[in-house]
Amino acid sequence: MATVHASLPPNRFTSALVVDDHPLFCDALVMTLQAVSPITEIATAPCLAEALTALETKATPDVVVLDLNLPDVNGFDGLIRLRKATPAKILVVSSMADSRTINAALQAGAAGFVPKHSQRDMFRRALDTLASGATFLPEGHMPTPDTEDATQDAVARLTSLTAQQARILDLICEGKLNKQIAFELTIAETTVKAHVTAIMRKLGVHSRTQAVLIAKEASFEEHLRSNG
């Protein structure tokens with residue numbers, strides 16, 4: 001766990017993108033960021049698609065505050081794709097704060113993790129830590145070796161995909177054929193086939209079905225159901 005020392009300088013972040021599909025909590029996050037930091041420029045997005053559009057069309061924020069459970073993502077896919085789309089620090093804020101989820105979030109590229117409904121002071125310490133270049137983890141979290149968790153292994157494989165390959169894998173998971181994927185992404189079917197081949201090579205699998213299983217292993221849907 002990253003230790004936050006009293007000597008850490010106040011965080012230098014001045015802009016942020018908050019990605020959360022719950023309007024009230026999104027507003028609460030905005031107010032919290034404004035209260036505990038010098039952040040004055042804050043954009044919001046209710047889903048991954050809008051977040052990616054904002055990153056393409058607006059100035060790069062210093063930090064992205066991300067809820068993992070978004071309506072248009074599956075598991076850690078949203079975090080992986082955001083990590084590839086921006087150099088900004090990504091702070092995950094999630095109600096799922098078990099060790100498995102935290103470890104997988106870090107493997108997917110998060111710079112820090114704060115459980116939802118934490119006190120404002122934890123958000124202040126998290127931003128200070130990220131601004132100093134360190135990783136912020138909630139108190140009491142015990143990192144585990146990647147080899148001890150199949151989810152972390154699956155996430156590690158998925159992080160090797162390009163943004164386009166990650167999007168194509170999403171569509172494969174939806175059961176779409178190469179022709180349908182080509183139409184949706186407005187690319188040639190031969191290009192899709194080349195991407196699918198590269199995806200299977202990077203994931204270390206030999207079929208589309210096995211690729212889907214890797215993607216599902218990196219999902220926390222079953223975890224969500226088991227925890228109500």
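Modeller: It's a predicted model, and pLDDT stays under 50 over residues 1-8. For that stretch the model has 15 contacts beyond four places in sequence.

Colleague: And what about residues 222-228?

Modeller: The pLDDT is below 50 there too. That stretch has five contacts in the model beyond near neighbours in sequence. Where pLDDT is low, the predicted coordinates should not be read in detail.

Colleague: What does the chain average?

Modeller: A pLDDT of 85, with 87% of the residues scoring at least 70.

Colleague: Which elements have the lowest and highest mean pLDDT?

Modeller: Helix 11, residues 221-226, is lowest at 43. Strand 3, residues 63-66, is highest at 97.

Colleague: Leu-66 sits in strand 3, then. Buried or exposed?

Modeller: Leu-66 is buried, because its relative accessible area is 2%, and the cut-off for buried is under 20%.

Colleague: What is Leu-66 in contact with, leaving aside neighbours within four places in sequence?

Modeller: Val-19, Leu-79, Leu-82, Ile-90, Leu-91, Val-92 and Val-93. Also, its C-alpha is 10.0 Å from that of Asp-21, which is 45 residues away along the chain.

Colleague: New topic. How do helix 7 and helix 9 cross?

Modeller: Their axes come within 10 Å and cross at roughly 95°. The two helices are therefore roughly perpendicular.

Colleague: Which residues meet there?

Modeller: From helix 7, Gln-164, Gln-165, Ile-168, Leu-169 and Ile-172. From helix 9, His-195, Val-196, Ala-198, Ile-199, Lys-202 and Leu-203.

Colleague: How many of those are nonpolar, polar and charged?

Modeller: Seven nonpolar, three polar and one charged.

Definitions and conventions. Residues numbered from 1 in each chain as written. Predicted model: local features only at pLDDT ≥ 70, side-chain atom pairs only at ≥ 80, totals over all residues. Heavy atoms only, no water. Axes fitted to C-alpha atoms, helices over the stretch in contact; angles between N-to-C directions. Helix = DSSP H or I, 4+ residues; strand = E, 2+ residues; numbered from the N terminus. Parallel < 35°, antiparallel > 145°, perpendicular 65-115°, else oblique. Contact = heavy atoms within 4.5 Å. Nonpolar A, V, L, I, M, F, W, Y, C, P; charged D, E, K, R; others polar. pLDDT = per-residue confidence, 0-100. Buried < 20%, exposed > 50% of the residue type's maximum accessible area, 1.4 Å probe, protein only.
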